[in-house]
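Please read these notes with the structure open. They take the helices in turn, then the pocket and the charged pairs.

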Amino acid sequence: VTGSNPDARVGLNFTTPILRDADRARAERARAERERARLELRQARDEARYGARELTVQIQARRERLELATKRVGLALAKLDNEEEKYKSGISTLPNVVLFQRDLDSARIAERRAQADLAGLASRMFALRGELPARAGLEVR
């Protein structure tokens, strides 16, 4: 730095490979595939757990609904018996007896629907667990 025009210079060099090594690229791709497979397995496991929990809650609700429908059938049958006794003694009319028979029929229909719903949910649970063929008496080879 002498003279009338002082001068200073700094230099910096960077080197980066333009092409990646083929083995390194394969290794990175294998790592990415392994991670993807791990995440897919985790997602499938989480979906199965969530599905099983959801079905368990639905099955419990359907059991309660079936229990209530069965009680409703019993009550409708008792009401019909009572109304038939009234009809025999001349206190009630035939249209009233028919009305109570309709109530009994609708209660039985609701009970059968609740049974069918419960059976459907149970089969979905067995399918989710992989037990459906065995429960149906089938052997998968």
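1. H2 has 36 residues and runs 53 Å from first to last C-alpha. That is close to the 52 Å expected at 1.5 Å a residue (the expected span is 1.5 Å times one less than the number of residues). Helices here are DSSP runs of H or I with at least four residues, numbered from the N terminus. This is a predicted model: local features need pLDDT of at least 70, side-chain atom pairs count only at pLDDT 80 or more, and totals for chains, interfaces and linings use all residues. Residues are numbered from 1 along each chain as its sequence is written, and side-chain values use heavy atoms, without hydrogens and water.

2. The buried residues of H2 are Val97, Phe100, Leu104, Ala107, Glu111, Ala114, Leu118, Leu121, Met125 and Phe126 (buried is under 20% relative accessible area, exposed over 50%, partly exposed in between, with a 1.4 Å probe and protein chains only). Their cover includes H1 and helix H3 (132-135). Gly130 follows H2 with a positive phi, near 80 degrees.

3. H1 has 67 residues, which should span 99 Å at 1.5 Å a residue; its end C-alpha atoms lie 96 Å apart, in agreement. Among its buried residues are Gly51, Leu55, Ile59, Leu66 and Glu83. The buried residues of H1 pack against H2. Just after H1, Gly90 has a positive phi of about 90 degrees.

4. Which helices supply at least two residues each of the lining of the largest pocket? They are H1 (22-88) and H2 (94-129). H2 gives the largest share, five residues. Ile59, Leu118, Met125 and Phe126 are among the lining residues. The lining divides into five nonpolar, two polar and two charged residues.

5. The structure holds eight salt bridges (a side-chain nitrogen of Lys or Arg within 4 Å of a carboxyl oxygen of Asp or Glu). Asp117 and Arg62 form one of them, at 3.9 Å, N to O. Asp117 lies in H2 and Arg62 in H1, so this pair ties together parts 55 residues apart in sequence. Both are partly exposed: Asp117 at 34% relative accessibility, Arg62 at 22%.

6. Salt bridges that share partners join Glu33, Arg36 and Glu40 into one network. The Glu40 and Arg36 side chains meet at 2.5 Å, N to O. Being four residues apart in H1, Glu40 and Arg36 are separated by about one helical turn. Arg24 and Glu28 also form a salt bridge, at 3.5 Å, N to O. They too lie four residues apart in H1.

Notes: 1 Å grid on protein atoms, 1.4 Å probe; cavity = no way out; pocket = protein on both sides within 12 Å on 5 of 7 lines; lining within 4 Å. Nonpolar A, V, L, I, M, F, W, Y, C, P; charged D, E, K, R; others polar. Contact = heavy atoms within 4.5 Å.
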